[in-house]
Amino acid sequence: MRHGRAMHARTTSHATEAPNRSPIPMGEFVALIASIMALTALGIDSMLPALPAIGDELGVAEPNHRQYVITAFMLGFAVAQLFHGPLADRFGRKPVIVAALLLYVLTNAWAAFSSSFELLLAARAASGAAVAAGRVVTVALVRDCFAGRAMARVMSLAFMTFMIVPVLAPAFGQAMVIIFGDWRLIFGGVAAVSAGVLIWFTLRMPETLDREARDAFHLRNVFNGYGVMVRDRWAVGYTLASAAIWGCFFSFVGSIQQIVYDVFKRPELLTLVFGAIAGFMAAGAFLNSRLVMRLGMRFLSHLALVATLGISALHLAVILAGGENLWVFIALQAPMMAAMGLCNSNFSAMAMENMGDVAGTASSLQGFVQTMGAAVLGAVIGQSFDGSTVPLYTGFLTLGLTALLIIFVTERGRLFRRS
């Protein structure tokens with residue numbers, strides 16, 4: 001208990017010790033962090049146009065089961081985060097990311113040659129487990145260099161930059177299926193891009209964790225780090241709220257192909273629809289990066305959460321009134337996704353605010369809770385698809401209200417503070 005208190009004291013003090021500067025030129029730092037983060041989006045979003053072709057070739061009879069290509073990836077992604085963080089605290093950020101990116105290249109090659117749906121799902125789970133380091137260790141790496149609002153600004157800039165990938169990834173996947181007639185080429189493309197990012201990171205990014213700050217890899221140290229996190233009200237509250245919001249996002253990603261194909265009967269517009277919505281998310285991240293230093297993380301994220309709830313309620317009302325079409329769907333979904341992105345940029349930074357001395361381990365546990373919770377919630381909503389968008393927006397409204405309640409309890413009723 002005494003040891004845990006000491007760790008908490010060091011962690012709290014560390015919040016002011018980050019140098020708030022990047023180890024390489026700032027533009028390159030943001031671009032490199034964004035590229036590593038984007039490999040996850042590339043591994044998910046490029047699959048969307050290929051899901052019908054994958055199902056047809058590998059004998060998937062139930063259309064909703066095609067979503068398992070996404071779900072398997074996210075489950076592997078969630079579980080592996082428990083290991084990447086402690087390893088990064090023990091061996092440093094760089095070797096863990098290098099090993100993970102190499103494994104990501106190999107598992108995508110495995111997926112490209114899968115001869116059954118079961119083998120493909122296993123390869124997808126392994127790919128998700130590998131690229132999970134891109135979520136956990138990059139957050140810890142950024143936390144090594146930045147703290148507080150400065151960290152939120154860097155994460156927003158990285159998020160804005162990597163949102164180029166969700167705009168382009170479905171087009172890449174669609175080209176592989178329509179032009180070349182082979183969904184397997186998608187995995188080859190992901191492997192090639194990942195190899196390029198691996199080389200760039202290896203050559204340019206120095207280690208950001210000082211040797212004296214590294215922890216011996218003992219389960220006691222890992223659980224002590226977890227204890228620091230679970231005793232911090234803000235870390236727990238904003239992690240759970242983030243899981244709820246990410247659940248909305250994953251349910252959207254899992255359902256969007258069927259919505260565009262089966263609800264609106266416009267399969268040729270999938271890339272346009274997804275790209276337009278992703279573009280709004282990038283705009284939300286840019287807006288956050290410009291305003292967060294002045295208005296603060298709490299004020300902006302709480303406002304964005306209320307906006308998310310308002311838009312989702314309006315959209316559900318429009319659907320039930322029979323007034324939805326594809327263009328209404330885009331017009332309401334895009335700003336809501338932008339608000340969700342603004343929420344999560346700040347939720348992640350606030351969850352890590354007091355975690356400086358156990359950044360890798362805390363990011364690991366937070367990432368597991370966020371991703372596992374979001375994957376399960378998103379899968380439940382996605383598997384409820386019934387040929388309409390009602391289950392999706394009912395899920396959005398439910399999870400948004402859940403996130404608001406969690407934050408209300410976490411902040412003890414004091415919402416919209418500028419601190």
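1. Arg-298 and Glu-411 form a salt bridge, their closest N and O atoms being 2.8 Å apart; the term stands for a side-chain nitrogen of Lys or Arg within 4 Å of a carboxyl oxygen of Asp or Glu. The pair links distant parts of the chain, with Arg-298 in helix α13 (residues 297–320) and Glu-411 in the segment after α16 (390–410), 113 residues apart. Helices here are DSSP runs of H or I, at least four residues, numbered from the N terminus. Arg-298 is buried at 6% relative accessible area, and Glu-411 counts as buried at 3%. Buried means under 20%, exposed over 50%, and partly exposed in between (1.4 Å probe, protein chains only).

2. A word on what you are looking at: this is a predicted model, in which local features need pLDDT of at least 70, side-chain atom pairs count only at pLDDT 80 or more, and totals for chains, interfaces and linings use all residues. Residues are numbered from 1 along each chain as its sequence is written, and side-chain values use heavy atoms, with hydrogens and water left out.

3. How far can you trust the coordinates? The average pLDDT (the predictor's confidence in each residue, from 0 to 100) is 84, and 92% of the residues score at least 70. Where pLDDT is low, the predicted coordinates should not be read in detail.

4. The count of salt bridges comes to 5. Among them is Arg-93 with Asp-144, at 2.8 Å from N to O. This pair also links distant parts of the chain: Arg-93 is in helix α5 and Asp-144 in helix α6 (residues 117–145), 51 residues apart. Arg-93 counts as buried at 2% relative accessibility, as does Asp-144 at 13%.

5. Another salt bridge joins Glu-268 and Arg-266 (2.6 Å, N to O). Here Glu-268 counts as partly exposed at 48% relative accessibility, and Arg-266 as partly exposed at 32%.

6. Do look at His-84 in helix α4 (residues 68–91). His-84 counts as buried, at 12% relative accessibility, and its side chain reaches the backbone oxygen of Ala-129 at 2.8 Å. Leaving aside residues up to four places away in sequence, His-84 touches several others, including Val-96, Ala-100 and Val-137; contact means heavy atoms within 4.5 Å.

7. Finally, Phe-180 sits in the loop between α8 (164–178) and α9 (184–204). With 55% relative accessibility, Phe-180 counts as exposed.

Key. Helices (H or I, at least four residues) and strands (E, at least two) are DSSP runs, numbered from the N terminus. A polar contact is a pair of N or O atoms within 3.5 Å; within protein, one must be able to donate a hydrogen and the other to accept it, and residues adjacent in sequence count only if both atoms are side-chain atoms.
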